[in-house]
Amino acid sequence: MSTPKRRNFQIEAFKHRVVVDPNYAEKTWKILEHAIDEIYNHNASGLSFEELYRNAYNMVLHKFGEKLYSGLVTTMTSHLKDLSKSIEAAQGVLFLEELNRKWADHNKALQMIRDILMYMDRTFIPSTHKTPVHELGLNLWRDSIIHFGKIQIRLRIILLELVQSERTGEVINRGLMRNIIKMLMDLGSSVYQEDFEKYFLEVSAHFYSAESQQFIECCDCGDYLKKAERRLNEEMERVSHYLDVRSEAKITNVVEKEMIANHMQRLVHMENSGLVNMLVDDKYEDLGRMYSLFRRVPDGLSTIKEVMISHIRETGKQLVTDPERLRDPVDFVQRLLDEKDKHDKIISLAFNNDKTFQNALNSSFEYFINLNPRSPEFISLFVDDKLRKDLKGVSEEDVEIILDKVMMLFRYLQEKDIFEKYYKQHLAKRLLSGKTVSDDAERSLIVKLKTECGYQFTSKLEGMFTDMKTSQDTMQGFYASQVAETGDSPTLAVQVLTTGSWPTQPSAPCNLPAEILGVCEKFRTYYLGTHTGRRLSWQTNMGTADLKATFGKGQKHELNVSTYQMCVLMLFNNADRLSYKEIEQATEIPPSDLKRCLQSLACVKGKNVLRKEPMSKDIGEGDAFFFNDKFASKFYKVKIGTVVAQKESEPEKQETRQRVEEDRKPQIEAAIVRIMKSRRTLDHNNLVSEVTKLLQSRFLANPVIIKKRIESLIEREFLERDSVDRKMYRYLA
Amino acid sequence: MGIQRDRVRFNVGGKIFETSATTLANAGRDSMFGSMLDENWNLQSRETDEYFIDRNPACFSVLLDLLRTGELHIPAKIPEKLIYREALYYGLLDNVRTAKWGQFDGNRLTLAGSITGQAPGDGTAIRAGPLGGCCVAHGSMVHVYDWMLEEHSPIYLDYQRINDVGWIDSENIVVSACERLGRGDGGMGLFSSSTGDLRYKFQVSHENQVKSFTAGAMSFSSDYRIFASCKGRSNEYGIGVWDQVTGKQSDFFYESPDWSLGDADRLQWLQNSNCLLVATLFPRKDNCYISLLDFRVKRMVWSWSDIGAPITVHEKRVRDAIAMEETNSICLVNEYEDLGFMDLRRTGGGVKWSSRRRLMKGKMPDEPCYPKLALHGGQLFSSMNDSISVFCGSDWVLTSRLRRSYGGSICDFSIGGDRLFALHSEENVFDIWETPPPPLI
C-alpha cells in the first residue's frame, strides 16, 4: 500500500557505504556461522563479541537480514540434530541427565546467539513479523528433540516411572525432575500439558483407583482417611517440588475423586468404624479429617450431614420415647442437654463450626424433641428444679449458661404455648411458696422468653411478679393499720393475685379455722377499703402455714404445712380422734386434696404428726385419725410436704392439654381474621398455611382445628364462602 | 584485582574510554553492553584488557554520559539522528527516549519542534501514540511518525475518507473510514504502525449478515474493547463494540428514533463508571445530543440535549464535550470557548456556563476553528483558533496558553506519551510540545 519512495525513507536515515564485495554477505555469514558452531562446541572463548555483533549489524543494515535469519534456522537445526543423537544414545537413568545437560547447553548457546544477533532481533524481526531468536530456539528444541519420535515417548515413560517409584516410597532425584519439567513448561504450557500433565493425571487416576480399592478392603474408616490425607498431601508436595503450580488443582482433583468421592458411601457407613461410630465415640480427630477431606468433593459434606442427621434423630427419638427416661423429667432434660453439648462440641472441634451442620443439628433436635408431647412440660420442670434448688450458690454467669441452654431447647419446641402453661404453673408455685432461688435468675429467664417470643408471651408472667411486689406493700400497709389490734392472733401473709395472670383453679374454699377467719376478715375489710371495685376470693388450696405444736413429753416443734393441712391439724386442738368423715365435714376440703393431705400427715415416716387406724399406706373413707403424741423429730422445724406428684398425673395432663386447646381457639381465630382482613379473599389451603406460619412462634396449629375455627367464623358471619368457588373465603367487614 | 574488575576499558574508533561495569549495567541486559558483560562472553577480556568497538567516539561519549547520569545532552555539532542511530546500534534507544523529555505537565510545556508534511493541509485528526510518536489523518491517508519524528510508511486507504484514527498500542493503529456508495468498503481496519500494512478488518453484522458501514468516532477501553459510532446502509445506526483480542464484534447498541448515536463527534470510555460517553454536536446535527451508555444493562443511563432550548442561547452551541470522572461532571465548550459544566449524577440538570467571552473579543479570525477539549492528569485543555488553553484546579482556572503563529488555527490536538501534538488547519504543520526534563537542583 505504500509507495516505494516512502519505504526508502527509513533507510535514508541510516545511509551507509555501498557494499562492493559481491561475496560480502556470504563471507560475513560464514564468520557468524562459525561462531555459532564454536558456541555449540563450548569453544566460545576465542570469539570476539564486538566483532560478531558488528557483523550481524552489517548484514541487517545491508539488507541481508533474511539470509542471516534463514542461516540461523538451518545452523541451529543441524546442531539440535546432533544433540538429539547424543540424547538418544544415553541409556537408562543417564537419558534424563543427558537431556538436562544438553538443554542447559542449548539455553546457554541460545543466549549467546541472541546476544550476537541482538540488532536483528530488535529491528529486522519485528518489521518482518518473524519469530524472535529466543523463541525460535525454544521452538526448534521442541520440534527436533522433545517431539522427536523416540525421545518423546521415552521421556514421558521415564517421567511417569519416576513419579510412580516416588509414590511407592523410593527416593528420586527431584532436582533433575524439576529441571526437566521446567524445560517442558519453558517450551510453553501446551507442551507441558500435552506431553506430560495429561498422561500424569491418567496414570495417577489408575494408581489411586487401585490403591483406594486395596485400602478400603483392609482398613477401617479412620485409617483409610489418614492414608487418603497423606496421599493428598504428598501430591501437593510433589507439585510444589517439581510440577507446575497449576497442576495442583488437577491432581488433587484426581486423588479426591478416586480416593474419596468414589468410596464416600462405603466409608461413611463402614461397619464398626464409620461415621456413626465416630460420632458415638467422640473421635474428633477422625471426624475433623473426614470433614476436611469430604469437603473437597461434591456432595461430600451433604453425605456426612445426612448420616449425622439420621443418627441424631434416631438416638434422640430413643431418648425421648424411652419410658424409662420419662420417669425423671430433670434427668430427661439433662440428657437432651448433654446430647446437644456433645454434638456442639463435635461441630466446633471437627466440623469447623460449619453453619450448615449447626442447622442440621438444630433441625434434628427440633424433630425429636417434639416427638414427645411432654417435652414442654419436662423442660419447664427442669427449669423449676434448677430455680428451686440447683442454682443455689451458683455464680451469675453459670446461671446464665444454664438458662441459655434451656432457651435453646425451648426454641426447638413447636408447642411453645404448652410450655408457657406449665411454666406459669411452676412459676406460680415457686413464687407463692417463696421457693425461688434467685429473683434475678427468674427475671433473666423471663427477659429471654420475651426477646424470643415477644411481649404477649410474657406479659402474664411479668404480672405475677408485679402481684408479688404489690402484695408485699399491701401487707406492710395492712399491718401498719392494725398496730393496735395485734394480739396473739395468727400472723397473716396474703398474696393478692390478679385473676387471669395466675394459673388459679376455681376451688371451693374450705372452712378455715375461726382463728384464721378473723384475721382474714380484717384483711378483706382493709383491702376493700383501700381499693374500690375489687373482689377477693381465698385460694385455700395454695397457701402455707407455720404451726407451733406441743407433743408428748413437752416436745415443741414448728410445723410447716399447707393451708389444708393446717385446717386439719387445727381440728385436733379440740379432739384427739377424728374420723375421715368428720374431718371432711368440718373442713370441706375436696376429697382428693383431703386424702393427699391426710396421707402426708399420717403416712410419711418421720413426719407423721397424726396416727391413722388402720395403719396402711392409703387413706380410706372409714379411717380414723389420732393426734400422734409420740411424734419425735431431731429438728425443731418440721416441714410436712404434701404428697404432690411433681409430674402431672394422667388426668391432670389431659386437663392441661384441654385448657391449652381451649386457649388456642381464640388465637387461631384472631390469626384467621387478621389474615382475611388484609387479603379479603383467600382459598382454604393458603389460609391454613398462612395461619400456621403466623402462629409458628407459639405452637404448631393443627389444620383440622383451623378448619373448625374457620367454620365457626363463618357461622358467626366474619367470613363467607364464595358462591362460585366453595374453596374461597371472603372477609365480611 | 577485586577493585579493578569493576573497571571497563573501551577503544571506540581509536579513542579510549574508561568506565565501570556499574555504569554499563544501567544499559540493561537487552543492550550490547549487557550482553558483553554477561559471564558467557566475559572470558576474553583478560587477554586483551580492552574492548574494541568500531563506532563513532563522539556519539559514544554522549551515550556513555547518558548511562552515567541518566541525562541526555547532545552537543550542537552532532545531529540528533546520528545519536539515535548509534543508540540503536548499542540497544540504548529506549534509554535515549526516556531521557529526551520529562513527565507531562501542561503548565511547563515548551515547543520542541514543528513538522511540515507533504499533505495539502486540512487535516482530519492528529493522535498521539503511547511511546511519543503520533499519526496524522488527511483525507484518505494516515501519516505515522515515531518518537524520533521519523515518518514511516503511511497508511493509505484507496480514496476512502478517514473519520477517526487511534492507537491500540505502539505497534497498531485503528482507522475508521467512510463507506463509498456501491463499493461495500469503509468501516474499520487495524494497521501496523511501522509498515502501514492492513492487519485486520473489523466487521459489523446485523441479524447474522455482514453489512458494510461507515465508522466514525472511536474509543478504546482498558479491558480491550473498541467502540465506534457506526452508520449502516439501511439505517442501522448506533455504537458497535469489538474485542481487541479476537477482533470480533461483541455488541451493537442501536440508536432510538429520537436520539443520535451513529453519527457521533466524540466517544469516550469512562473506566470507573463502566459507561461510554457519546456526544453528537452541531454542526453535524442541528441539535446536540450527549448520553452515557451502560452496555451491561443495555441502557442509556444519562442523557442531555439542547432540543427545545430557548433561542437566546443560540450562541451557546456546544462544540465539544468531555466527561471528567473525578468530579462526576461533563465539561462542554461553545464556539466562543466558554466552558460549561453538567452534573453526571442527575439527569435533566442544566448547563452551568462560565463566560470567558470578553477575553476573546475581537480576536476571531476569518476562518475560525472551533474549540476542542482534552483532559490529562487533572488538567483540562481547550483549543481555540491558534492557541491551546490549560485549565487547572477544582475551579478550572486558566493557567497557561500555548500558541504558535504560523500554520493557522489549530484544528485538532492530542496528548499522549508525555507529549502534546497540535495540528494546524491552513498548512500541513503540526507542533510537538514537551515538558523539559526536571531542573538539576
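User: Why is A:Lys707 called partly exposed?

Analyst: This is a predicted model, and in it A:Lys707 has a relative accessible area of 41%. Buried means under 20% and exposed means over 50%, so 41% falls in between and A:Lys707 counts as partly exposed.

User: What makes A:Glu711 and A:Lys707 a salt bridge?

Analyst: Their side chains meet at 4.0 Å, N to O. The cut-off is within 4 Å, for a side-chain nitrogen of Lys or Arg and a carboxyl oxygen of Asp or Glu, so the pair qualifies. Both residues lie in helix H30 (residues 703-715) of chain A, 4 residues apart, about one turn of the helix. A:Glu711, at 33% relative accessibility, is partly exposed.

User: Which label do A:Arg524 and A:Glu521 get, buried or partly exposed?

Analyst: A:Arg524 has a relative accessible area of 24%, and A:Glu521 has 38%. Buried would require under 20%, so A:Arg524 is partly exposed and so is A:Glu521. Their side chains form a salt bridge at 3.5 Å, N to O, within helix H24 (residues 514-530) of chain A.

User: Where do A:Arg238 and A:Glu235 lie, and are they buried or exposed?

Analyst: They lie in helix H11 (residues 221-242) of chain A, 3 residues apart, and both are buried.

User: How do you know that the length of helix H7 of chain A agrees with its number of residues?

Analyst: Helix H7 (residues 133-146) has 14 residues, and at 1.5 Å a residue they should span 20 Å. The end C-alpha atoms are 19 Å apart, so the two values agree. Among the buried residues of this helix are A:Leu136, A:Trp141 and A:Ile145. What covers the buried residues includes helix H4 (65-89) and helix H10 (189-218) of chain A.

User: What makes A:Asp115 and B:Arg29 a salt bridge?

Analyst: The closest N and O atoms of A:Asp115 and B:Arg29 are 3.0 Å apart. That is within 4 Å, so the pair meets the rule. Across the interface of chain A and chain B the rule finds 3 salt bridges.

User: How much area do chain A and chain B bury between them?

Analyst: They bury about 3000 Å², 58% of it on carbon and sulfur atoms. The contact takes 29 residues from chain A and 31 residues from chain B.

Terms used
Residues numbered from 1 in each chain as written. Chains lettered and ligands numbered in written order. Predicted model: local features only at pLDDT ≥ 70, side-chain atom pairs only at ≥ 80, totals over all residues. Heavy atoms only, no water. Contact = heavy atoms within 4.5 Å. Buried area = accessible area lost by both parts, 1.4 Å probe. Helix = DSSP H or I, 4+ residues; strand = E, 2+ residues; numbered from the N terminus. Expected span 1.5 Å × (residues − 1). Buried < 20%, exposed > 50% of the residue type's maximum accessible area, 1.4 Å probe, protein only.
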